[in-house]
Amino acid sequence: MNALPDIPALAAADEAVYTKLWEGLGYYSRVRNLHRAAVLLCEEYGGELPADYDRLLALPGVGEYTAGAVASIAFGLPVPAVDGNVLRVAARLDNDFTPITDAKFKKQTRERFAALMPSDRSGDLNQSLMELGATVCLPNGAPRCADCPIQHLCESFHRGNAAVLPLRAAKKARRVENRTVLLVRCGELVGLRQRPKKGLLAGLWELPSLDGHLSPDELRAALTEMGWSVRKLLSLRPAKHIFTHVEWHMNGVYVELDAPAPALTFVTPAELRDAYALPSAFRSFVSVLED
Ligand code: SF4
């Protein structure tokens, strides 16, 4: 908020600036969508958010929950804002055993609360439902029914099912990827590379890495084949990073080079800290630079 205090400031910001500000927060597509939305708002709405649910919903990165929350809380429009908390409250209120992860259940819950929206204070109703879920109708089988202001309306409480609801579809197991991550130094400089424009961590800077957990001999051979003049290899502490669908199991290696490797961009540790957005997956390896 200090660096980019309003929509026009965000719209005018360079990619390197807003991705750096977002550094470590994950889900980098969100900041790209925020920027795209800011540009669109400046082009079409004079740099202001429109007071209209459908127009909000059409903005990049804005889904039904966000559009409903902004429309009702900021503009007082009578539309629901259904987040995970509200889905849980709805399943318990109605003693509904449909998995709350089903699109059908989400749609039905939005319609259920849309019908209840008052013409005034819709934002307060939405916030009270979210707050009820966040503080009283707690997840993981621990609802505080004795403290609940809508206990008298709650079907699952009366049937003794509050602790077993809601149901959710089983999550797919995450794919595990083994990687050998390289903290490359050439003199004082650190070697970085930019990720592809599409896919996981799209367009961000990263420490270079190779597929698999390579032995020192395998790594030295692979780097030599890539034309790198390796002076020294040292093992770093391994690290694990969990994304939504994939886990990286990373062996870290400190690589000292005699000459910069052509495929990499070399920066000073200060430039890396101040100007390059490095995903938190690499944080433990880069912390070596601060020792
Ligand atoms: Fe949730 Fe219990 Fe309240 Fe029902 S009575 S809404 S299960 S906290």
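Is Val70 buried, exposed or partly exposed, and what is its relative accessible area? Val70 is partly exposed, with a relative accessible area of 24%, where buried means under 20%, exposed over 50% and partly exposed in between (1.4 Å probe, protein chains only). The close-up views below come from a predicted model, in which local features need pLDDT of at least 70, side-chain atom pairs count only at pLDDT 80 or more, and totals for chains, interfaces and linings use all residues. Residues are numbered from 1 along each chain as its sequence is written, and side-chain values use heavy atoms, with hydrogens and water left out.

**View A. Helix α5 and Val70.** Val70 belongs to helix α5, which runs over residues 64-74. Helices (H or I, at least four residues) and strands (E, at least two) are DSSP runs, numbered from the N terminus. Ala67, Gly68, Ala69, Ala71 and Ser72 are the buried residues of α5. Their cover includes α4 (53-57) and α8 (122-135). Setting aside residues up to four places away in sequence, Val70 touches Leu49, Leu56 and Phe75; contact means heavy atoms within 4.5 Å. Leu49 is 21 residues from Val70 along the chain, and their C-alpha atoms are separated by 9.1 Å. Just after α5 comes Gly76, with a positive phi of about 70 degrees.

**View B. Ser122 in helix α8.** Ser122 lies in helix α8. Ser122 counts as buried because its relative accessibility is 0%. Apart from neighbours within four places in sequence, Ser122 is in contact with Ser72, Gly76, Leu77, Pro78 and Met117. Between Ser122 and Gly76 there are 46 residues of separation in sequence and 6.0 Å in space, C-alpha to C-alpha.

**View C. Helix α3.** Helix α3 covers residues 28-45 and has 18 residues. Its end C-alpha atoms are 25 Å apart, which agrees with the 26 Å that the helix should span at 1.5 Å a residue; the expected span is 1.5 Å times one less than the number of residues. The buried residues of α3 are Tyr28, Val31, Arg32, Asn33, His35, Ala37, Ala38 and Leu41. An α-helix has 3.6 residues a turn, so residues three or four places apart point the same way. The cover over the buried residues of α3 includes α1 (7-12) and α2 (15-21). Gly46 follows α3, and its phi is positive, near 65 degrees.

**View D. Tyr27, in the loop between α2 and α3.** Tyr27 lies in this loop. Its phi is near 45 degrees, a positive value in a residue other than glycine. Most residues other than glycine have a negative phi, and most peptide bonds are trans. Tyr27 is partly exposed, with a relative accessible area of 49%.

View E. Asn95 is in the loop between α6 (84-93) and α7 (103-114). Although Asn95 is not a glycine, its phi is positive, about 50 degrees. Asn95 is buried, with a relative accessible area of 14%. Asn161 is found in the loop between α9 and β1 and counts as buried at 19% relative accessibility. Leaving aside neighbours within four places in sequence, Asn161 is in contact with Asn95, Phe97 and Ser156. The C-alpha atoms of Asn161 and Asp96 are separated by 9.7 Å, and the two residues are 65 residues apart along the chain.

**View F. The cis peptide bond at Pro166.** Leu165 and Pro166 are joined by a cis peptide bond, with omega about 0 degrees. Pro166 lies in the loop between α9 (155-159) and β1 (175-186).

View G. Arg92, Cys137, Cys145, Cys148, Gln151, Cys154, Ser156, Phe157 and Ala162 surround the ligand; a residue is near a molecule if one of its heavy atoms lies within 4 Å of it. The shell divides into six nonpolar, two polar and one charged residue. Ala, Val, Leu, Ile, Met, Phe, Trp, Tyr, Cys and Pro count as nonpolar, Asp, Glu, Lys and Arg as charged, and the others, Gly among them, as polar.

**View H. His241 in strand β5.** His241 is placed in strand β5 (residues 230-242). At 19% relative accessibility, His241 is counted as buried. Not counting residues up to four places away in sequence, His241 touches Val246, Glu247, Trp248, Met250, Ser280 and Ala281.
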